[in-house]
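This briefing describes the structure shown below for a reader who is new to protein architecture. Please keep the structure in view while reading the points, which are grouped by topic.

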Amino acid sequence: MRVLTVVFAVIFVLKEAEAWGYKNGILHNSIWLEQAAGVYHRESRKGRYQLTYKEAKAVCKYEGGTLATYDQLETARRIGFHVCAAGWFDKGRVGYPIVKAGANCGFGKIGIIDYGYRLNKSERWDVYCYNPEAKECGGVHTDQEKVLDSPGYPEDYQDEQICHWHIRVRYGQRIRLHFLDFDIEEDTACLSDYLEIYDSYDDISGFVGRFCGDELPEDFISTGNVMTLKFLSDSSVTGGGFRLQYIAVNSSQLFDNHTDAFF
């Protein structure tokens, strides 16, 4: 029985590998590897690069996790985890994972951009945490279609939340985003609570827009096979949150005569 189980597991892995394939040394496969990685990025509620080493550990511990190790961060990177922001990880080390080389991120390199072990633990960076059970707020998503909710939905979201959802579908596909419900604290410039959409691997480039209030944002279709969503709430006043759906669409279908079937 154990032999049969192993055989079926191997067949499953091979099918997944064939479906997603390798590119630039990275296996782009389905959710089971993404969940196994369990690595996620956090920044301070005050903004980017505001956490000392002690504070970084506290952020991970607060969410039930620990600082990610180098190996855990590299495992996540190999299955598509890409964040252009330096952060603390285990043993006082700082760096960030790069999947796709860019002129403005990673010095044109691919891999863990490693700043090494920092002697000054009062330096301020973001943080990379590890908790394979933490899935409510953000995460990496590779399903062909999925519904994503703000933390606690349909109940009001809590104060002081920062969540990143990284969506990646197969090469040659694009991502259609469709909002089903939307209620985020409104102010003139959406400075308090907001949801941002990025047409890219991270929240550095490809900015699409920042949204708050109770009007449903319009549908959006990515230019490639990746998209990032960032949700932030401040320390006062919340709202009902949001529910949205994304679906992978073959690029060729967007130029077909029946394109409007996807809208």
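In this predicted model, strand β5 (residues 87–89) runs parallel to β8, and 2 bridges join the two strands. Across this pairing, W88 stands opposite V127 in β8. Strands of a sheet pair through backbone hydrogen bonds, either parallel or antiparallel. Both kinds of pairing occur around β8, as the points below set out: β5 runs parallel to β8, whereas β3 runs antiparallel to β8.

**Strand β8 and its partners**

- Strand β3 is joined to β8 by 4 bridges, and the two strands run antiparallel.
- Within that pairing, R42 has V127 of β8 as its bridge partner; V127 is also the residue that W88 stands opposite.
- Strand β4 (residues 66–67) is likewise antiparallel to β8 and is joined to it by 2 bridges.
- Here L67 has C129 of β8 as its bridge partner.
- Is β8 mostly covered or mostly open? The strand is mostly covered, as 4 of its 5 residues are buried.

**An open sheet of four strands**

- A separate topic is the open sheet that 4 strands form in the order β10-β17-β12-β15, with antiparallel pairing.
- Its edge strands are β10 (145–149) and β15 (220–221), each of which pairs on one side only.
- Strand β12 (residues 173–183) is joined to β15 by 2 bridges, and these strands run antiparallel.
- In this pairing, R176 stands opposite I221 in β15.
- In a regular strand the side chains alternate between the two faces of the sheet.

**Helix α4**

- Which residues of helix α4 (residues 70–78) are buried? They are L73, E74, A76 and R77.
- These residues cover an arc of only 160° around the axis, and therefore they lie on the same side of α4.
- An α-helix has 3.6 residues a turn, so residues three or four places apart point the same way.
- After α4 comes G80, which has a positive phi near 110°.

**Aromatic rings and charges**

- A pair of aromatic rings is described by the distance of the centres and the angle of the planes.
- The whole structure contains 12 aromatic pairs.
- Why is the pair of Y49 and W125 edge-to-face? The ring centres are 5.7 Å apart and the planes stand at 75°, and planes over 60 degrees apart count as edge-to-face.
- Y49 lies in the loop between β3 (39–42) and α3 (53–62), and W125 in the loop between β7 (111–117) and β8 (126–130), so the pair ties together parts that are 76 residues apart in sequence.
- One aromatic cluster is formed by Y157, W165, F179, F182, F231 and F242.
- Charged groups also sit over rings: the charged end of K121 is over the ring of Y53, 5.9 Å from its centre.
- The charged end of R210 is placed over the ring of Y194, 3.7 Å from its centre.

**Backbone features**

- Most residues other than glycine have a negative phi, and most peptide bonds are trans.
- Y49, although not a glycine, has a positive phi of about 55°; this residue is also a member of the edge-to-face pair with W125.
- C190 is not a glycine either, yet its phi is positive, at about 55°.
- C190 is found in the loop between β12 and β13 (194–198), and it is buried, with a relative accessible area of 10%.
- Is the peptide bond from Y153 to P154 cis or trans? The bond is cis, with omega near 10°.
- P154 has its place in the loop between β10 and β11 (162–168).

**The chain as a whole**

- The chain contains 5 helices and 17 strands.
- Of its 263 residues, 50% are buried.
- Among contacts in the chain with a separation of 6 or more, 72% are between residues 24 or more positions apart.
- The chain exposes about 13,500 Å², of which carbon and sulfur atoms supply 52%.

Methods
Residues are numbered from 1 along each chain as its sequence is written. This is a predicted model: local features need pLDDT of at least 70, side-chain atom pairs count only at pLDDT 80 or more; totals for chains, interfaces and linings use all residues. Side-chain values use heavy atoms; hydrogens and water are left out. Rings of Phe, Tyr and Trp (its six-membered ring) pair if their centres lie within 6.5 Å; planes under 30 degrees apart count as stacked, over 60 as edge-to-face and the rest as tilted. A charge sits over a ring if NZ of Lys or CZ of Arg is within 6 Å of the ring centre and within 35 degrees of the ring normal. Buried means under 20% relative accessible area, exposed over 50%, partly exposed in between (1.4 Å probe, protein chains only). Contact means heavy atoms within 4.5 Å. Accessible areas come from the Shrake-Rupley method with a 1.4 Å probe; for residues, only the protein chains shown count as cover. The arc is that of the directions from the helix axis to the C-beta atoms. Two strands pair if DSSP finds at least two bridges between them.
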